[in-house]
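Here are my notes on the two-chain entry you asked me to look over. They are set out as numbered points, so that each can be checked separately.

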There are 2 protein chains.
Amino acid sequence: MSNQTIETILNRRSVRSFTNQPVSVQDISLIVEAGLYAPSARNRQNWHFTVVTNPEMIEKMHQLTLQGMEQRGLKVDEKDHTFYHAPLVIVVSSLIEGFAEFNAGCAIENMAIAAKSLGIDSCIIGQTRFMYSQTNKVDVNLMLKVPFEYEHDCSICFGYAKGEYPVAKERKAGVVDYIR
Amino acid sequence: MSNQTIETILNRRSVRSFTNQPVSVQDISLIVEAGLYAPSARNRQNWHFTVVTNPEMIEKMHQLTLQGMEQRGLKVDEKDHTFYHAPLVIVVSSLIEGFAEFNAGCAIENMAIAAKSLGIDSCIIGQTRFMYSQTNKVDVNLMLKVPFEYEHDCSICFGYAKGEYPVAKERKAGVVDYIR
């Protein structure tokens, strides 16, 4: 099969080890555009993306996530970095209304696929919601330039994969049924 | 730019008019595979796809959706068909747990993008949740071969676009911020 798009979709893996090579401004712009062109229920486009390349801010988000997890009594492995030291993090937030999570999922996947087509790998990070565990929501939204009434969905980090490329996990059996 | 994947992502539209040309078994299989290769939180793959090409079942789902909407007092335009007479509907259901809607969103978008790369258009249908408004959930899950503890996410219909191809709606301004 020589369908580049489907090959890209099937070869995307969640990557958890990155080199320190930055993602170019041009590639960031293509990735963000792909996200913005996701479908959304009733064309609400009720998402917000915070595109973070500032290393101090990435570190601050990591620390806030750890603190939030610790405060909730969740086990934190100090060796792990929330964003695996990736040079680019996009924080996705939504105005919570019908289907907001589906919309956000579509946008995130568009960004992951677009990045992969550019040779850039990614990992979706759910635990950044713990940034909001211990601080005033308004403060974190301000810090991340998120409109005050928006809620955190998740984050996605991007970079160039370091080390062995992950093998696809086995697909779960029995999850597709047909009515022909 | 000659990046086929990004072009496909940017050119995908929600299409609401289809010819009666069926989607081939081979293309259905590629679309479903793309969905199955979406990322999921903790690799739970907690989704279920019901792939419906049976015209009577598509009509039954349409009628159940209409009845559910009417029962809730929602306005129903008899001219509209829930699936726009598309020849293929994939119903997506999930085991509800953390991030299930994001996972489902990623899977749905993978299917929409894969289809588009094959010349097949699609539309995500949220209102099929109304199928569950007036009937026992267990009955609808049985009818759609959905595991009994799973919940309906949404549906996505596929086919070959008929008539003028939709123009992209304007992208909302001010939804991206940068921290450099």
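This is a predicted model: local features need pLDDT of at least 70, side-chain atom pairs count only at pLDDT 80 or more; totals for chains, interfaces and linings use all residues.

1. Residues are numbered from 1 along each chain as its sequence is written, and chains are lettered from A and ligands numbered from 1 in the order in which they are written.

2. Between the chains, 54 residues of chain A are in contact with 54 residues of chain B, contact being taken as C-beta atoms, placed from the backbone, within 7 Å. On the chain A side, the elements that contribute two or more residues are α1 (4-11), α2 (25-36), β1 (47-52), α4 (100-117) and β5 (176-179); helices (H or I, at least four residues) and strands (E, at least two) are DSSP runs numbered from the N terminus. The largest share comes from α4(A), with twelve residues.

3. That side of chain A comprises 29 nonpolar, 16 polar and nine charged residues, where Ala, Val, Leu, Ile, Met, Phe, Trp, Tyr, Cys and Pro are counted as nonpolar, Asp, Glu, Lys and Arg as charged, and the others, including Gly, as polar.

4. An open sheet of mixed pairing is formed by five strands in the order β3(A)-β4(A)-β2(A)-β1(A)-β5(B), pairing requiring at least two DSSP bridges between two strands. Within chain A, β1(A) and β2(A) (residues 88-94) run antiparallel and are joined by six bridges, with A:Thr50 opposite A:Val91.

5. Two helices of chain A pack on this sheet: α2(A) touches β1, β2 and β4 (151-159) of chain A as well as β5 of chain B, at about 165 degrees to the direction of β1(A), whereas α4(A) touches β1, β2, β3 and β4 of chain A, at about 160 degrees to the direction of β2(A). Axes here are lines fitted to C-alpha atoms, for helices over the stretch in contact, and angles run from 0 to 180 degrees between N-to-C directions.

6. A:Lys145, although not a glycine, has a positive phi of about 60 degrees and is found in the loop between α5 (137-143) and β4 of chain A. B:Gln45, also not a glycine, has a positive phi near 45 degrees and lies in the loop between α2 and β1 of chain B.
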